[in-house]
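Biologist: I have a structure open and would like to learn to read it. Can we go through some features together?

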Amino acid sequence: MTPLPGASAAAVPPLSLRMVGIVRSPGGWNGGGLGVGLRQRPRPRPVPPAGIAWPTGRPGRAAAGTGASAPSVVGTELPSTASFALATCSALIGAAVSSRGARTRLYANTRMDIRRRLKKPRKAQKILKSGASYEDKEAEDDLSIYDFIEAEEFFDEPPTKVEGIKELAAYSILEGFGPYRYDPPEYRGCRIGSQLTKALTRPLPVDQREGTSLASDIRAALAEFGHGEDNPLEDADVICSLDGLRILIGWLDGSLAEDMRANGYHTHLRAQAASIDAFRISKMKEAPNAIVLGTCWTWAPNNQTTGTAARNLLTYTPSFVGLTTGGQFSRGAPSCSELDLAKHFRILKYKLHGLNIVVRVPVVATVPASEFETEEYEGQACDILTCQHRRAAAFWSFQMTSRYAMMKLSDVGLVARGVSRFGQLEQIQELTPEDIELDKPNSVEQAGLLLGSLAGLFRRIQEIAFCPGCMNRPLWLQYQDADLRVISVNEDFPEDYTDDDEEESEALALAEPLTA
């Protein structure tokens with residue numbers, strides 16, 4: 001440092017480092033963190049009086065381990081500049097290290113808190129409201145596994161289509177009244193901007209449950225509401241419900257596996273795959289060559305919930321159905337509004353790649369003849385749905401292939417979907433199979449491949465069910481880790497065992513040894 005004019009060099013004080021301490025950066029405590037600020041500042045060195053030296057210890061304090069007093073402060077040599085600088089640097093480094101450690105711990109705690117807030121909660125496996133689901137692998141010892149089935153095995157099947165649709169019976173069921181003649185309403189348009197109200201929408205019950213089975217329901221419906229044929233099931237190959245077809249179509253196109261994986265039913269970290277009894281495979285006397293696939297589990301969003309909260313069942317569909325069919329409207333609080341609407345069913349029979357398929361189809365409404373110039377769709381079912389305005393454009397998404405296949409399998413002539421926005425009807429989307437064939441010909445081709453894969457799956461299950469080792473045993477079609485497998489319980493059954501016995505069919509509607 002250059003001395004001032006007129007001053008001697010000895011009067012210029014040397015530079016010394018002084019620790020300013022912990023300072024707050026402009027970014028704040030969380031943005032910029034903490035820092036240790038060091039700066040150079042000229043500070044005059046104090047000069048002791050004449051005859052007095054710098055002390056090397058505290059007056060009157062004894063040295064460690066001795067009883068002697070501290071050395072005198074008089075006559076002690078002054079420490080050199082290098083020793084003073086070394087001591088000062090050591091103190092600064094120690095303070096910086098300790099402050100940096102505190103700052104690092106603060107940063108670490110802040111980052112962990114942010115991670116905890118931003119991390120999505122871990123989803124546990126959801127609890128099914130129907131079917132038999134279990135994770136205990138010790139139960140595998142009580143099973144007989146006859147075959148494993150993968151969806152990729154049927155991708156090379158030739159395309160096919162539904163042919164020769166014929167109605168075997170039709171009936172309606174009213175809660176508290178029972179079955180009666182077929183009396184579905186007709187679909188009609190409604191005013192855009194109508195107010196919609198939410199109400200409870202519960203899924204249809206499963207086919208195989210305590211006290212009933214799909215085979216007994218179809219037998220009773222054909223006997224009371226049939227069209228006069230002696231035995232329309234004699235040449236049937238597969239008997240099932242539309243809900244079961246929806247599960248199998250979802251398994252073939254991959255949407256079922258993706259939904260099960262997202263809900264935690266597949267093998268993942270620290271968890272094993274859940275086994276779900278999806279179908280009960282049985283037989284009927286009226287159909288000696290047929291297999292009956294009754295659902296033990298329903299694949300529906302409101303069926304896969306951890307609780308039974310009413311918000312999981314609230315939709316605008318009942319209100320939209322009432323507007324378009326002239327039916328009832330829900331009143332009161334949405335959480336307790338549930339309409340006792342009549343349920344209408346048709347039992348259809350058609351050919352699918354040489355197989356005779358008998359399906360029980362629920363019907364919401366029918367297509368009126370006045371909606372079209374021709375009578376092509378007259379009397380066919382009309383599927384009525386609702387969605388939020390954010391999903392209005394998803395009507396023509398990649399799911400159109402499965403939608404077209406399901407329309408053909410259920411003989412649906414019109415799909416009407418109401419788009420709601422803040423509780424009001426914004427628009428109505430109407431779709432016929434002819435619209436898909438004209439606007440989405442690629443989806444029609446892919447639907448043919450999907451139907452061909454479904455026919456190949458039916459042949460595979462039928463072959464297993466009629467093999468000698470499975471003839472006199474109850475069978476289940478089970479879902480596990482995106483695959484299907486045909487299983488039975490390890491019990492001794494008599495050689496004359498048959499699924500047609502009503503008592504045995506009801507008792508074995510669900511595999512009791514498989515339930516958790």
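Modeller: Start with S144, which lies in strand β4 (residues 143-149). Strands (E, at least two residues) and helices (H or I, at least four) are DSSP runs, numbered from the N terminus. This is a predicted model: local features need pLDDT of at least 70, side-chain atom pairs count only at pLDDT 80 or more, and totals for chains, interfaces and linings use all residues. Residues are numbered from 1 along each chain as its sequence is written, and side-chain values use heavy atoms, leaving out hydrogens and water.

Biologist: Is S144 buried or exposed?

Modeller: Buried means under 20% relative accessible area, exposed over 50%, and partly exposed in between (1.4 Å probe, protein chains only). S144 has 18% relative accessibility, so it counts as buried.

Biologist: Which residues is S144 in contact with, leaving aside neighbours within four places in sequence?

Modeller: Contact means heavy atoms within 4.5 Å. For S144, the partners are V486, I487, S488 and N490.

Biologist: Where is Q462 found?

Modeller: Look in helix α9 (residues 441-465). Q462 counts as buried because its relative accessibility is 15%. Setting aside neighbours within four places in sequence, Q462 is in contact with D237, N289, I291 and L355. Take N289: 173 residues separate it from Q462 along the chain, yet their C-alpha atoms are 8.6 Å apart.

Biologist: How many aromatic pairs does a search of the whole structure find?

Modeller: A pair of aromatic rings is described by the distance of the centres and the angle of the planes. Rings of Phe, Tyr and Trp (its six-membered ring) pair if their centres lie within 6.5 Å; planes under 30 degrees apart count as stacked, over 60 as edge-to-face and the rest as tilted. The search finds four pairs. One of them is Y171 with F225, which is stacked: 5.7 Å centre to centre, with 20 degrees between the planes. This pair links distant parts of the chain, 54 residues apart: Y171 is in strand β5 (residues 162-174) and F225 in helix α3 (residues 214-225). Both Y171 and F225 are buried. F177 and Y180 make an edge-to-face pair, with centres 5.9 Å apart and 75 degrees between the planes. F177 has a relative accessible area of 59%, so it is exposed.

Biologist: Which residues form one aromatic cluster?

Modeller: Y171, F225 and F345 do.

Biologist: What lies over the face of F345?

Modeller: A charge sits over a ring if NZ of Lys or CZ of Arg is within 6 Å of the ring centre and within 35 degrees of the ring normal. R360 lies over the face of F345, 5.7 Å from the ring centre. K283 lies over the face of F466, at 5.3 Å.
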